[in-house]
Structures are given as C-alpha cells and as structure tokens.
4 protein chains.
Amino acid sequence: MTLAHTSRRLRYAMVGGGRDAFIGAVHRKAAALDGQIDLVAGALSSGPEKARDSGRDLFLADDRNHGSWQELLADELRRSPEDRIDFVSIVTPNHLHYPIAKAFVDAGFHVVCDKPLVHTSAQALDLQRAVQRQGQVFAVSYNYTGYPMIRQMRHMVQSGAIGSVQKVVVEYQQGWLAGAAESSGSKQAAWRVDPALGGIAGAMGDIGSHAENLLTTVTGLTIESLCADLSTMGAGRTLDDDASILLRVHGTEGSLSWSQETPNQLWHSAIGAPASVLTTASHGLCESAMKASRLPAGHPEGFIEAFANIYLGVAEDIRARLQGLPTTPAAAGYPQIDSGVRGVRFIEKVVESALSSNKWTLLTSHTDA
Amino acid sequence: MTLAHTSRRLRYAMVGGGRDAFIGAVHRKAAALDGQIDLVAGALSSGPEKARDSGRDLFLADDRNHGSWQELLADELRRSPEDRIDFVSIVTPNHLHYPIAKAFVDAGFHVVCDKPLVHTSAQALDLQRAVQRQGQVFAVSYNYTGYPMIRQMRHMVQSGAIGSVQKVVVEYQQGWLAGAAESSGSKQAAWRVDPALGGIAGAMGDIGSHAENLLTTVTGLTIESLCADLSTMGAGRTLDDDASILLRVHGTEGSLSWSQETPNQLWHSAIGAPASVLTTASHGLCESAMKASRLPAGHPEGFIEAFANIYLGVAEDIRARLQGLPTTPAAAGYPQIDSGVRGVRFIEKVVESALSSNKWTLLTSHTDA
Amino acid sequence: MTLAHTSRRLRYAMVGGGRDAFIGAVHRKAAALDGQIDLVAGALSSGPEKARDSGRDLFLADDRNHGSWQELLADELRRSPEDRIDFVSIVTPNHLHYPIAKAFVDAGFHVVCDKPLVHTSAQALDLQRAVQRQGQVFAVSYNYTGYPMIRQMRHMVQSGAIGSVQKVVVEYQQGWLAGAAESSGSKQAAWRVDPALGGIAGAMGDIGSHAENLLTTVTGLTIESLCADLSTMGAGRTLDDDASILLRVHGTEGSLSWSQETPNQLWHSAIGAPASVLTTASHGLCESAMKASRLPAGHPEGFIEAFANIYLGVAEDIRARLQGLPTTPAAAGYPQIDSGVRGVRFIEKVVESALSSNKWTLLTSHTDA
Amino acid sequence: MTLAHTSRRLRYAMVGGGRDAFIGAVHRKAAALDGQIDLVAGALSSGPEKARDSGRDLFLADDRNHGSWQELLADELRRSPEDRIDFVSIVTPNHLHYPIAKAFVDAGFHVVCDKPLVHTSAQALDLQRAVQRQGQVFAVSYNYTGYPMIRQMRHMVQSGAIGSVQKVVVEYQQGWLAGAAESSGSKQAAWRVDPALGGIAGAMGDIGSHAENLLTTVTGLTIESLCADLSTMGAGRTLDDDASILLRVHGTEGSLSWSQETPNQLWHSAIGAPASVLTTASHGLCESAMKASRLPAGHPEGFIEAFANIYLGVAEDIRARLQGLPTTPAAAGYPQIDSGVRGVRFIEKVVESALSSNKWTLLTSHTDA
C-alpha cells in the first residue's frame, strides 16, 4: 500500500458519528489506520451539545468542533486552502445524507458518504448530476468491496477464471434484530425500523444494497430484472435472521465462494479439480488484491482494514488531484456515486416487486439509457 | 474502548520500522487505529539517509526525523515536556533492542518494545532492574494477547470454566522459511537465520516466545520444566513449516481451542455437552474480551486490532500517570517487562535442553526466588 | 439400534440396480449393513442377460436370478411363505417405478421404492390408493431423513427449541452435470436429461423432492404455496451447479443449520448465546437421533448409514407385522408413501409456477381435502 | 470396488463381540457392507450363556453358535471344506488376542485380529513366526488405513508430491475417559484402565498404535527412536483428553493434513500455492483412493466404510487363494501381521522411554535385522 508523496497528511471533517454511533467510529478507525489522513474538524451529532462533547472525545480543536453541519460548512469555506479540509465524511442516519451531501458537493468539497446513498432515486440522480457537474471525488462506503479477497474474486470472475457466469448467490443474514431491540432503547435498532428515518425498506434498505453492490462489483454485470419477496416478522418491521454474508458465483468452469465472517479466504472450485483456498497476501493473487492486503499471509485482516481500503483509494485520488495528475478513480478502486445510485434504485425495485405480488420488475433507468 | 479524557492525543517516536520493515508498519497502524496516539518523531532505520527518507514517507517534521536513535534521544531530552514524546516504540531487529531500550529507560521514557525482549537473560534482567528503578511503562508487544478471544480464554480458564488445567498444547507453524528465502534477498529471512542478528535460536527465537507467552497469559501458570528438541532442516537453520497458531487448553471439565487464523472464534468443549463457539463481541463475553472488541459480533477483527489493544493499554496507563491517577498496568492489560524476561529465559532453556540431548530442564531463576 | 427378535433375517428382492447402476448398490449396502436383511432374489436390469450377470455378481441362486421383474414377481407368488421374500426394493430409473410398484403392491408385497416416487400426481395417487387398500409397508428412500442429526434437528424444531419457525432455507447444489456429461456416455447423466425417462423436470425432478422432503420432515410444516424459477443452462437441460446440501431453519429464538457434506454436525445458534455444535451420538441428543447413530461420538457416519436407517425402519415394521404386533410406521421413522406423493406434487407445482412466469402457486390437492 | 468372481460369498466366524461389545459390532457391519462375506459361526462372549444369546441376536444357526472359542475351533475343524469358515475375526479384549489367534493360526485358519495385536513383543514375534510358517492371511484391523483419503495421502507422500518428509505430527485426542467412567459401570472403560486386561499402557495401548500405524503407512518410513512422556491424570490411569485424530505430514515442498472427524477431506498445502482440498471419489485421486471410495464425490463415507475396506482387502486376498491365483496382500491393501508386531513394540518403547525419564529410545529389533 504505497501512495504518491505529498508533503502532508490529508485532512477531513466528519458529519455524524457522535458518542453512541457505530459506523462513524468505524470510518474514523479506517481513515486513521494507514497514517495518511487526519481528522481535523467535525459536526458529530445533530444536537449541538452532544456534537461538541463528541468532538472533545476525539481531541478536535475547539474552533473546528461544531454544533451543526451548516456551521462546519460555513467555517471551512472561510478558511484558506492551506488550512481547509480535503474532504468530508458523512456518517449520519440515512435520511440526512441527501441534504448534507448536496450542500458539500455544491460547495466544491470531496465527499465520502455512508451507504445507502440516499432515500429515493430522485435524490440519488440529483446528487449524481451535482457530482458530475463539479467533478469531485464522491465515495460511497460499500466497504465489503475493500476486502482483498473480494478484489481477487472480481479479478478471477472478470478474467474468465470460472468461464461464463451462470448464477450468483448473495446471502446476508443478521440476528441482532430478531428480538424487539427497538423497544429496549437501542438507537441502532430504532432508526432502522422507523420508515421516516430508515426509508422505504428495513433490513433491505440497511444491508440489501450491500448485496447488489457485491454482485455488481464482483461480476461486472448489471441486474436486469428481479422478483422479490419481503416479509415483516417482528412487530411492525422487515427482519433478517442470523449473521453472515456469503457470496457465491457459479460459472461454466467453476465457482467462487466467500464469507464475510472468514474474510481472508476465497474458495475456488474449478470443475474437475480439488477446491482450492486462496488466502490474503499469498502467492499468485492479482495486483489489486495484493495492494489491498497490509500483512503477510497468515495474519488475519478484517472489517476495518477493508473499510480503510476505501479511504486509501479516496486519499490516492485526492492526492493525484492535488498534484495535478490525471485522476484515476477506477484504479483507486473505491465505490463511486454511480454505485450509490444503483443501490438506491435496487432497493426501490425490490419494494416495488414485493408490493405488486412479486412481479418480475426491470431495473432499467434514465441514466442507463 | 474508552479512555479517561486528557486534552490531547499522546505523542510517540519510533526507532526502526523503515521502508522495508514489516513489524514497524504494524506497530504504526496499531498505534493509529483508535485516534489516541500520534507519531511525531523517529529514527526509522540504522542508515541515516534511509531513516530520513522513511520519516518523510510518514510525514514527520524535518526537525523530528532523525538519522540515528542517539540523535532522537538527545533531541527529545532537549524538548520541553509540552512538546516531548510520551513514549518510544522500538521495532528494530532483535539484537538492537537491548542498547536502545536501556538508553531510553535510563533517560526516563516509557517504552514499547517488540518481542523477543533481548538476546540473553543477563540483558533482560538488567533491563528489568532499570525499569523497576524508574517505574516506567514498559510494554513488550506480544500482540496475540490482545485478541479478544484470548482474553476470553484467559477469563474462562482462570475462573474455572474448564476445571483444573491438565494439558496445554500450543502450536505455531510457519511455511515462509521452508524454502531458502534468505538466499533470495529477503531481509526478513536474512536476519532471522543469522545468529549474530537473531540470537541463539531461529524460529524458536522468533516465535517460540509467543507460545510461552500465550500459555502463561491464558493459564496464569508458570512453566516448571521443559524437554525440547530443535532441528535444522533448511541449510544451516532451524525451521518450522506451515502457517497457523493454535492454542488448546484441556482441563478436567472441558477444553478450549483457538486458532490465530480464525481469531474471532473460541471453541469451548465442555465434557458432556456440545461444543460451543464463542465469537468476538457476542453476548456473555467477559468484560476484558468485550473491551478488546471494537465492532459488533459478525464483523471480523484481526491482527492489527489485537496489536492496537496493546497500544490502547499503554495509552491508558500513560494517561493515568499524566493525570496523577494510580497506575493500573494489570487492568490496562498489556504484556509488561516480566513477560519479556520470561520469554528470553524460555528460549534459553529450550536451547539448553535441546543441546543436552533433550534433558528435562528447570525454568527457575533469580527473579522467581 | 435393536430389533425385536424373530428367528431369521428378512429376505428381499431387488428390481433394477445392475452392473452400471449407482443407487441400487447403495440400497444393497444399506440393507446389508446391520445384518438384519438378506438379498435373495432379483431382476437387476431391463436386459435379461445383463440382469442375470448382475445377479451372479451378487451371488444370487440361479432360480432366483431373473431376467425381468415380471418373472421375479411370478416366481415369488409361486413360492411358499417360508421361502418368499419379505419385501422388494425398486431401484430402476424413475419412469419404471409406477408399473413395477403397482404390480408388487397389488400382489401384496411390501415395497421400498427409490425417489421420486413416480412421474405424475395421477400415478402417485393411484399408487397411494392401492397401498391404503392393501395396508402394506411402502417406503420411499428419502435417505437424508435417516441422518441422526436430521432427526435431532426435527426433534429440536418440533419441540420448540428455536421458537416459532420463521424461515427455512434448503439448498442443494451439484456440479457433476455442469459439463455435457450426457454426451460422453454417462448413463447416470443420460436418463436425467431425457424427459421421457426423467419426467417433467431435470435436476428439480432428481433432487428437488429431497429439498421438499427435508423441509417437511424437519419442520412438520406443509408448503402452502411456492414461486419457482427454472432455467436451462446446459444444452437442452435444467442444471444445478456445485455439490452440497445445506438446510437452515430460522425461528424466533434461534436457528439450526446442517450440511450434508459434514453430516455428523448440527449447528444451533440460539439468540443471545454462542453457537453450539451437536454431534452424532453425543450426550443429550434426542432418542431418535441416538437410535439412528451406530457408533460413539467422534466416529463419522455417512450416506450409507443414513440410508441403512431407512431399511432398519422398514425391517422393524415388517418384523412387527410378522409377529402380529401393532404396526408403528411413524415410530419406525421411514418415509412413507404420502412423502412420495407430496414430492411428486411439489415437482409438478414448481414446473407449473416456472412455466407461468413464476406465479405463486398453491400446493393444495385432493388428498389434503 | 470389484472382486474376482467365485461362486459364493465368503464365510467367517467371530470370537468376541457379544451384546455389550463395541468393536465387534463394527467388524460385523464392515464385513457385511459389501455383500461379499457372511457371518456363519461364533463364540461371541467369554460366558457361554451370553455367547449363545448374542449369537441368536445375530441369527446364527444353533449348531454354529458356540459357548467358547475352543468349541468353535473344534467344530470348524470337524467340518468339510465346503462348509467350513474361510476366516475368523478376533474381537475380544486385548489380553485374549494371543492365545486365540495362535490357536487358529496353528490350525490353519486365516485371521482378522483387532488392534493392538497382543500385549508383548515376545507374543507378537511368536505369532508372526507362526503366520510365516503357515502362510496365512492375517490382518490387523488398523481401520484408519482404510480411509480413501489416507490412501491418497500415502500415495502423495510416497510419490513425492510434498518433496522429502521433514516432520510428521499425529495427534489422537479423546474425551470419554476424562471422567471416572470405569467407576460408573462402563465395561469399555473398565478393561482399558486395568493393567491385567489392557496391558502395560492405557490410552497409549488402546490408541497409540493407531498413531504409529498411520505414520508408517502414510510415509513408508520407520520410526528410528522416540522420546515419550506419559502421565496419569484420572485416578490410577493414563488419560488422553478431547476427541479427534489429526495427521499432518510436512515436506520440503508442502504439507498434507487430515482429520478423522472430517475424513472425506485431505488438505494439501503446496509451498507457494493456495491450499487445495481433495475429496473422496473426486477427479484425479490415485487408483487406491478411488478403489476405497464407494460413492461419488459429495456423499460422505465414514468409519465403518474405512473398516469395510480392510475386510474387502482380506476377502480379495482369500478369494485369490481359493482360485489358486498368486496372492497379493500388498495390493489388497490391508494391514498385516508385521504392522501388528510394530505396534506392540512401539507401545513397549513408549513406556520404556517414559519410565526412564524420557530418554531417547531406539526402536530397532530382531526382525528388522
């Protein structure tokens, strides 16, 4: 993992991610891991007092520890380029992504935004148009794509190692919402089961877009149509059960299988040969998988390291821009705004299909035309 | 993972860990992960030019990017307490640990030192006496003890969950030195097979002390005597083969088993009951295992996260001292200098037993008396 | 595994299962395993010469080694009860099950028939009526239900160990037909891809009914409706890809998971507790799982042993009848003709749903009314 | 698995293996599995009444259901060759192996004897001389060598697939004697902890010779010397803890690993390549592993099937002799009397080494000279 030299670390601000938050802390650890990026500013909660307390936990300077994202944005715009943040990370609950991301994009900032991008396709397309107009870096943190073995899987599928793709199976199972967690004071549970905050889908909105993103990233294929079934098991909500992500891709000449809970292994079953188990950082991996591995074979890497690869990609892209080099978002390998748009549309179509008695529903759209 | 507040991040310097190094980069990522500690100074290689190039890679300020550890030490002693480092991390090849650690301890700095501590028991005891005299934080980075499930294992063994301990099996197998890696330009291989640099033992010196440390940490027991067999398979060296750490502890009422390559799982086989698989951050873990988990169950954590728990313990201990609170090295949970001393003596006794036709050899010593 | 005493082993004849056949040999090994049943007669192939050669391989006496099933049936009817077979096993290709089974049932013989029972619901119901009229033992060899851990799973689900069942996932993946095996002389492949021999469905007809049977056996629930998608990937056929059976049942209080390729383990994830791994013949299994285990814990049992449990159940039922005891087909635990009927209807409804653009299709029927 | 034709099944008698016995029932199932061998006579227990009750359970004819092995032997010697057994299986407690095996060998019968062969090297060598004099088939039922993947492992090691063998690790761990099972009426436990019945070693005597046999079979190497440590944990006995057999062989170019609890998989880690998982009956296995597989890939086989491969080898050898063909014990692949002798000597030397403060002890002997 090397980066072109610049004379300083990159600087970023965070919106959301205060004291009780889960994903904000993951973003911070991921950004910090490789010593390339410093957190220098924030508006870490929607309540001003809690925002500032959270900022003090993180050693933010008082004049960059804000009570609202609007104050943060105004303050950054006032600062000189030598002092200003290089990008902002938006890790609020989903329903706030759209206005915040839109404002920072319009003001010319690079953005990392948690997934799913926004609540509706209309918002997603609007945001996409703004990004295209400004030409910014805009990353959506589908962090599973940062796992080295997912990159190896993508390489193998797209270079023909398993022949033509015939079938893809993606499963994502969670157990933590099997009980009524939202009734026992869990903030994490509460917003996920509230349509005003979580959007039109519950578990599907939270994690369904991971499935779409893994499928698309690994295969390079686009989902043509889908036929979905959603059900609400817990009182008043959509619910998945158990806790693992599993991805399998079957082709004419073999299959590949990966499970998020043992992320350092990728199983490859070529037809007519023994299954083989490729592992992180081992001989013969593709360049992109090697680049995504920080440690020699036998040293397990996990969720945060995968996440950090998204941030490394963003940093690499921003540094290239700072140095006036041609930008290479594809080579940098982080999921961009089109991934975010596609994920939002996927969720909408799943719900549409489920509401109309599981009809097969096309996924075509304006931007594909 | 919370820490008592202070108004700033801790500052540290690194000795060793330049451009080609492996373990130095791991230390840096571990120190950075939780946003508590900043790298501000360094003497990153034994060659001054390479040292400074390596420091620039890491964005060190020019006046804190030194060509030798002696310069680094002199410079830090000149600085005011408001500016001075809080501790130093020593990640050089093993044969340099002793003089560097000794000098920083004598000068009053807290130290994190990579394992094995030093080359001989005489050096180890000398260093231990210096630490005891000064009262510093001195951590030895046996990072396996930072894995949440090792902490859970320790808790279960020491709280009697498997009855009396009857047998402990620790295996550490590596494949990377099976070929003559030292002849093909691997710096990592070269120093490990050179007695002048690696000490009296090869693989045993490199990783054998991990085994001793895991056994002692998990069981709370001390090795009374040992009977060892060492052999040299590759041309002129001691060699292990394959790549995994496995630790099993058998007691009168059950057994526990953990493998470093799937570190988020701990297998517990109670006699007369189905085996159960405890996982990181899941319900019912002990306090210390929960504290060592950064993410909810189902999100894999790895080698760097375990390593970072050593640094978090060190940071917690140093902060307590800065705040004038009673220091709590045991609660902080990082391996201290006595672990380092024990590891050095273990390696010596293994070699002694092997050289005298595998005689049973006692492990008693001055400090135990 | 104990059986009520009679003074002799049971005697059976086999129809089908000649020299090239796969499943016939499995039936024979399963029947032989426990020393309760002797093969004494046969019509082992549709070609008279091959039938007799196959019979000589199996040491059949010349006068009971027949060239056709009609000859076998006629010969047995001529014999005295002291000499006559106790039951017949039908292991021909699927399209011959109906006429052979019908003839033996009408003649008053007990029958073991391979799955799927027959090709159409009309045949299935006709056969079911005949069995009900005669009151015979009629077993359908869904052998997965003979695995001890499937019996344990059924016990746990039906006794409420995981609360209310919310979701069941059954996957059966095969790789051997991924290439065009039928073009390279494989008899096993040829009949499975020929609608005249295999019926209206390919892989679904061959193994889909296993999925239905596992679901029904384990949960005690009936499939209400289904929405199916079938596709033909290989030239002119329906195809599954890869090779494993996996069964998971999710309930309100936990989940159970079993994979046929490691059949001696049953994973139980109770919500809020570590996963536990129940193993064959270990402490605390239910009576029916213990009865289905032949060896102490730690000694793997496999496919043939599971199959043999079907035969043990059949033998237990036949012996009870020979001794004039009340018959206990349910306690004997082998799948009966209603399982066969249900499997045929399931395949028909899958095809019906797939042909009508994946409409949700009810599975109700005459016999349920 | 094919055998040369003869006009009849082989006939055998069993000594030991009555109602409470474990291993006798395993032998019977193994012998029955393939329809090649009939049990026709027995002396199934040391008590005449229990012996005959046990024989009736197995449907033995009254005139071949004996109260002692001496009666069985006398009766068989009176019978004509057309009626006489082809071989005897000895499955009594270990201390009775010697006199019974000696008597049947001297009388000219082929023998299958459970392991360990006898109690002392003197007995073993005496028996070996008798077998060599008579030229009989004499199999020792080390059934692990019947597993297809052990045969594959042997093939790979001996054909150089992992280069020169550098290290072999065999572990056999059991949990069932962790409690004082002998005090709670377990017949299986009682004789294993009684030196008069079990011999000079407890767990080592029971299962230690499996370890020696696996090592020797797989590598084709002979143990030169050993250094052993035995301890008695339970009241008055030697005890192993936990329940699995694991065998790993490390060579210069890779390693192989197999665990008895998942016997259908063999892991092969070639240096510099991904690990691969060879499975029973899959493409590319050696001839002897394919011959030892009864079912297609994906259908698990277990302990009894491995055991049955010993019996198939014996049957193949006996049939060849009946047909006057050159005998091929090596090709038949069952463990012969020299394996039994080696196992007894191994146990003796383990105890000798342990009693003399773990001295390195040579394993040379008369027969090797």
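This is a predicted model: local features need pLDDT of at least 70, side-chain atom pairs count only at pLDDT 80 or more; totals for chains, interfaces and linings use all residues.
**View 1. The contact between chain A and chain B draws on 34 residues from chain A and 34 residues from chain B.** The area buried between chain A and chain B comes to about 2800 Å², and carbon and sulfur atoms give 63% of that area. On the side of chain A, Lys29(A), Phe59(A) and Pro300(A) supply 23% of the area that chain A buries against chain B, which is more than any other three residues contribute.

**View 2. A salt bridge joins the side chains of Asp34(A) and Lys29(B).** Over all chains, a search of the whole structure finds 96 salt bridges.

**View 3. Helix α5 of chain B, residues 121-134, packs with helix α13 of chain B, residues 337-355, their axes coming within 9 Å.** The two axes cross at roughly 170°, and since angles over 145 degrees count as roughly antiparallel, α5(B) and α13(B) are therefore roughly antiparallel to each other. From α5(B), the residues Ser121(B), Ala124(B), Leu125(B), Leu127(B), Gln128(B) and Val131(B) take part, and they meet Ile337(B), Asp338(B), Val341(B), Val344(B), Arg345(B) and Glu348(B) of α13(B). Sorted by class, this contact of α5(B) with α13(B) holds 7 nonpolar, 2 polar and 3 charged residues.

**View 4. Within helix α5 of chain B, Arg129(B) forms a salt bridge with Asp126(B).** The closest N and O atoms of Arg129(B) and Asp126(B) are 3.9 Å apart. Because Arg129(B) and Asp126(B) lie 3 residues apart in this helix, about one helical turn separates them.

**View 5. Chain B superposes on chain C by a rotation of 180° with 0.0 Å of shift along its axis.** The RMSD of this superposition is 0.0 Å, and the two copies are thus related as by a two-fold rotation axis. Among the residues of chain B, Ser276(B) comes closest to the rotation axis, with its C-alpha at 2.0 Å. Of the interface residues of chain B, 100% are also interface residues in chain C, so the copies meet through the same surface.

Note on methods
Residues are numbered from 1 along each chain as its sequence is written. Chains are lettered from A and ligands numbered from 1 in the order in which they are written. Side-chain values use heavy atoms; hydrogens and water are left out. Axes are lines fitted to C-alpha atoms, for helices over the stretch in contact, and angles run from 0 to 180 degrees between N-to-C directions. Helices (H or I, at least four residues) and strands (E, at least two) are DSSP runs, numbered from the N terminus. Angles under 35 degrees count as roughly parallel, over 145 as roughly antiparallel, 65 to 115 as roughly perpendicular and the rest as oblique. Contact means heavy atoms within 4.5 Å. Ala, Val, Leu, Ile, Met, Phe, Trp, Tyr, Cys and Pro count as nonpolar, Asp, Glu, Lys and Arg as charged, and the others, Gly among them, as polar. Copies are superposed by least squares on the C-alpha atoms of residues with pLDDT of at least 70 in both. Buried area is the accessible area (1.4 Å probe) that two parts lose on being put together, summed over both. A salt bridge is a side-chain nitrogen of Lys or Arg within 4 Å of a carboxyl oxygen of Asp or Glu.
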